[in-house]
Amino acid sequence: MLRSFPKGSAPGPTGTRASHILHAVQVLNQTSDLGMLTDFLNHLASGLLPQEVQPFLARAYLIGLSKKDGGIRPIAIGDVYRRLTGKCLSSSILSDANMYFIPSQHVCAPGGGEAVVHAWRQIMDDFQNNPDFIGLKIDFVNAFNSVARSIFLTECFEKFPQIFKWVHFCYSKHSHLFFGDFIISSQAGVQQGDPLGPFLFCLVLQVLISKLKTEVPELSLNNWYMDDGSLFGKITDVLKAWNIIKEFGPSLGLEVNLSKCELLSSSNDAQVFPDFEPEIVKITDGNMSNLGSAIGSKQH
């Protein structure tokens with residue numbers, strides 16, 4: 001995990017880089033005893049650190065990267081020991097996480113994004129020109145920074161107790177984000193620089209997915225890659241699922257971004273989208289893109 005940091009990886013608020021630690025544990029190009037580092041990370045993962053340390057160990061530098069649509073993507077660069085602990089714990093639960101999330105979520109599986117794209121292509125072929133079936137792409141507003149911490153703390157405690165103490169230490173209290181001369185209190189969501197962040201987000205999303213499975217079991221597709229959701233089925237079923245997401249999602253910190261959601265049909269008839277908000281993009285020729293891949297006709 002120490003070697004998995006990219007070269008030149010940012011150090012975070014303390015100034016310590018992963019390369020500093022790597023050099024410190026090497027002697028004549030041979031890895032020396034990692035006992036002290038292992039003991040330290042195990043102590044962090046145990047959650048036994050004083051709570052007064054939390055706002056500082058869980059702190060991060062904040063930078064804003066431009067999005068293609070003109071928005072800003074906030075990235076938190078956390079302390080290297082926090083990130084190293086998160087990497088180790090992520091590795092330890094990878095197999096269990098795959099078993100828990102698949103087949104509805106593919107974020108932990110190799111080729112997960114490709115699986116979502118192929119599922120869309122297959123289902124669009126199966127229901128080509130069928131006016132009774134529609135698809136829906138879902139996007140949430142600032143999802144990673146808004147997801148409810150109380151929910152993923154509860155879900156982590158119940159489903160993945162082996163890492164709960166560390167997650168609780170990092171997220172049970174507010175921590176500091178440094179943006180230039182400003183200090184911002186991190187009070188909601190997951191930090192995008194946290195190796196465990198995507199996993200914790202998916203724990204919350206799984207609550208919503210499970211509700212959809214229970215209340216709308218007839219959906220032909222209920223597939224997600226983090227905050228990119230894919231639904232497909234009969235018009236009445238997709239509409240029912242959409243209303244559940246709108247009404248139940250905010251309690252999880254998930255609020256739909258209407259302007260970035262898309263309704264999809266290959267019927268060339270806009271009348272197949274009744275009772276959906278006018279702000280949603282509506283596609284009637286079956287041609288769209290998802291996760292950067294084209295879906296639809298060969299020409300598209």
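The largest cavity is lined by Met124, Phe127, Asn130, Phe133, Gly135, Phe232, Leu264, Ser265 and Ser266. A cavity is a set of points, on a 1 Å grid over the protein atoms alone, where a 1.4 Å probe fits but cannot get out, and lining residues have an atom within 4 Å of a point. The structure is a predicted model, in which local features need pLDDT of at least 70 and side-chain atom pairs count only at pLDDT 80 or more, while totals for chains, interfaces and linings use all residues. Residues are numbered from 1 along each chain as its sequence is written, and side-chain values use heavy atoms, with hydrogens and water left out.

The space in the largest cavity amounts to about 40 Å³, a volume being the space filled by probe spheres set on grid points joined across faces, edges and corners. Its lining comprises five nonpolar, four polar and no charged residues. Here Ala, Val, Leu, Ile, Met, Phe, Trp, Tyr, Cys and Pro count as nonpolar, Asp, Glu, Lys and Arg as charged, and the others, Gly among them, as polar.

The largest pocket (an open set of points with protein on both sides within 12 Å along at least five of seven lines) holds about 860 Å³ of space. Of the 27 residues lining this pocket, Arg73, Asp139, Asp227, Asp228 and Lys260 are the closest to its centre. The lining of the largest pocket divides into nine nonpolar, eight polar and ten charged residues.
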